[in-house]
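Hi there,

Here is the structure I promised to pass on. My notes on it follow below.

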Amino acid sequence: MEQVTTLTLFKYSNLWTKIWAFHMMLLMPSKLKRLSGQTFFRLMGSGKNGFEPSPDWSVYALIQVWENEKAADLFFNKSKIITRFQGKASDIWTVYLKNITSKGLWTGCQPFTKSDSISSSNNAIVVITRATIKLNRLVDFWKYVPKSRTPLRNQKGLIFAKGIGAKPFIQMATFSLWNDKKALLDYAYKTSGHIEAIRKTRILDWYHEELFARFQPYKTMGKWENINPVIF
């Protein structure tokens, strides 16, 4: 059985559960790192309105890499950890992913292994990006982000997108779900804002470390704002 990645989003609807969720950012990593069959994880916050640097205290994300699907299923079906989250969150949505390609590093390692079982009949695609921004480039980077992300608001073929990260302003990541590869490439290489972002990245050398990974989503659990964004 091959490696599986899961991404789970949690939404908290009132002040007390938001405080609880923030508290878990401090306490839960020590418990998560002891999970059997898990090779990598990151518990992260999120940004307002998609990709703004200011925190969205209502939404958190958990990325986990598993030795196989059985280990992932055991966590989501049996773990007391996920039960605690389920008891507080108003929305929980999990997507199972098989890696298509991954370039770069995440805190010094490459967590994703290419899958040998990508289905030709499933066109949906997920992109996860992650970067640590150089301190002397923070102002320039965040000045440009709104312009580069504007086309996403009405981008054809985009199902869902959210900015996430471990450290506000400095360590940021993105999660986006697309209908197919064409929709992704149309955004990446045919929208002026994103093309300019690629050019500026090369010229200004914004990042201390970066990673870009594509995945095939193949299974989902739960709901987000009363819908399941993708059902396979």
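To begin with a question: the side chains of which residues, Glu 69 and what partner, meet in a salt bridge at 2.9 Å, N to O? The partner is Lys 219; by salt bridge I mean a side-chain nitrogen of Lys or Arg within 4 Å of a carboxyl oxygen of Asp or Glu. Glu 69 sits in helix H2 (residues 69–78) and Lys 219 in strand S8 (residues 207–223), so this pair links distant parts of the chain, 150 residues apart. Helices (H or I, at least four residues) and strands (E, at least two) are DSSP runs, numbered from the N terminus. Glu 69 is partly exposed, with a relative accessible area of 24%, and Lys 219 is partly exposed at 24% as well. Here buried means under 20% relative accessible area, exposed over 50%, and partly exposed in between (1.4 Å probe, protein chains only). Salt bridges with shared partners also bring in Asp 73, joining Glu 69, Asp 73 and Lys 219 into one network.

Before you go further, a word on the source: this is a predicted model, in which local features need pLDDT of at least 70 and side-chain atom pairs count only at pLDDT 80 or more, while totals for chains, interfaces and linings use all residues. Residues are numbered from 1 along each chain as its sequence is written, and side-chain values use heavy atoms, with hydrogens and water left out.

**Overall layout**

The chain has six helices and eight strands, in the order β-α-β-β-α-α-β-β-α-β-β-α-α-β from the N terminus. It has 232 residues, of which 50% count as buried. Taking contacts (heavy atoms within 4.5 Å) with a separation of 6 or more, 75% are between residues 24 or more positions apart. The accessible surface is about 12100 Å², with 54% of it belonging to carbon and sulfur atoms; areas come from the Shrake-Rupley method with a 1.4 Å probe, and for residues only the protein chains shown count as cover.

**More salt bridges**

The structure holds six salt bridges. One of them joins the side chains of Asp 56 and Lys 162 (3.0 Å, N to O). Asp 56 lies in the loop between S2 and S3 and Lys 162 in strand S6 (residues 158–167), so the pair ties together parts that are 106 residues apart in sequence. Both Asp 56 and Lys 162 are buried.

**Surface patches**

Patches are made of residues with over 30% relative accessible area and no salt bridge; like charges are joined within 9 Å, and nonpolar side chains (Val, Leu, Ile, Met, Phe, Trp, Tyr) within 5 Å. Phe 22, Leu 26, Leu 27 and Trp 57 make a nonpolar patch of about 440 Å². Trp 57 comes from the loop between strand S2 (38–46) and strand S3 (59–66) and is partly exposed, at 46% relative accessibility.

Ala 21, in helix H1 (residues 15–32), is buried, with a relative accessible area of 4%. Leaving aside neighbours within four places in sequence, Ala 21 is in contact with Tyr 12 and Tyr 60.

Best wishes
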